Amino acid sequence: MTVLLALDSSTETMALALSSPAGRWLFEAEGGPQASARLVPEAQALLAQAGLAMAELDAIAFGRGPGAFTGLRAACAVVQGLAFALNKPVLSLCSLQLVAEDARHQAEAEGRALDGTIWVAMDARMNEIYAAAFRWDGVRWHQEAAPALYSPAALLQCWETPPAALAGSALAVFPELQGQALAGVRQWPRCQSRAAALAELARQAHARGEGLDAAEAMPLYVRDKVAQTTEERLAIRLAAEKQAERQSELQAGSAA
């Protein structure tokens, strides 16, 4: 009777998924700086819809990255806090693999299953791309190329032989990835449901027994730290203030 909660805020879309034997409950909305304040309330809302309590969770999953610094920190902090409080294991998921899983779902809906290696290429801003390669064997994913940061030219060099399939937001952003050399490659530039892919990857990871102690859950950064935007600094400050308020409330409750 497995119950799993999964969170991802590595992109501009915040995704949450709750799975139980009774079904799945999915949520997607604008993420970014808002994610730190919305992840816990939206998770609580999903649990309420399912008629479940936090204590009934068997594990909590999160998209570890690569992706936006603020979003990765927010998801990791929330999941660590919940896992510590509930004494539950954490499932650490590759955020690029979410895109591959979504592409697999889209391919099956089109009536032609995904075959061979798929490269995921996500817009990383600053004229760079987060990319990795994965292969689906019919049961599970295998990582063929680890997540890394590429310039468009460097990524094209990796594809001396065009890949069997491509997915990710970079396909719609970079003209270099829209050339004739890739014209015959199956492509999915947009995710249909990050939340559904998140739920499925969490299920697979839990079935393989990949739970970690909360202290071991860490974001995956593949870019050196860059200057924070005003929005990022504000989001971090607000998150710290909220955390301080929660700690004060807990201390007040303990004192009472």
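Visitor: Among contacts in the protein chain between residues at least 6 apart in sequence, what percentage join residues at least 24 apart?
Guide: A contact here means heavy atoms within 4.5 Å. This is a predicted model, where local features need pLDDT of at least 70 and side-chain atom pairs count only at pLDDT 80 or more, while totals for chains, interfaces and linings use all residues. Residues are numbered from 1 along each chain as its sequence is written, and side-chain values use heavy atoms, with hydrogens and water left out. Among contacts between residues at least 6 apart in sequence, the share joining residues at least 24 apart is 65%.

Visitor: How many helices and strands are in the protein chain?
Guide: Both are DSSP runs numbered from the N terminus: helices are H or I with at least four residues, and strands are E with at least two. Counted this way, the protein chain has seven helices and ten strands.

Visitor: Is Glu 200 buried or exposed?
Guide: Glu 200 sits in helix H6, which covers residues 194-207. Buried means under 20% relative accessible area, exposed means over 50%, and partly exposed lies in between (1.4 Å probe, protein chains only). Because its relative accessibility is 11%, Glu 200 counts as buried.

Visitor: Which side chain joins that of Glu 200 in a polar contact of 2.9 Å?
Guide: Leaving out residues up to four places away in sequence, Glu 200 touches Arg 24, Glu 101, Arg 104 and His 105. A polar contact is a pair of N or O atoms within 3.5 Å; within protein, one must be able to donate a hydrogen and the other to accept it, and residues adjacent in sequence count only if both atoms are side-chain atoms. At 2.9 Å, the side chain joined to Glu 200 belongs to Arg 24.

Visitor: What separates the C-alpha atoms of Leu 212 and Ala 61?
Guide: Leu 212 lies in the loop between H6 and helix H7 (230-255), and its 27% relative accessibility is why Leu 212 counts as partly exposed. Along the chain, Leu 212 and Ala 61 are 151 residues apart, yet their C-alpha atoms are separated by 9.8 Å.
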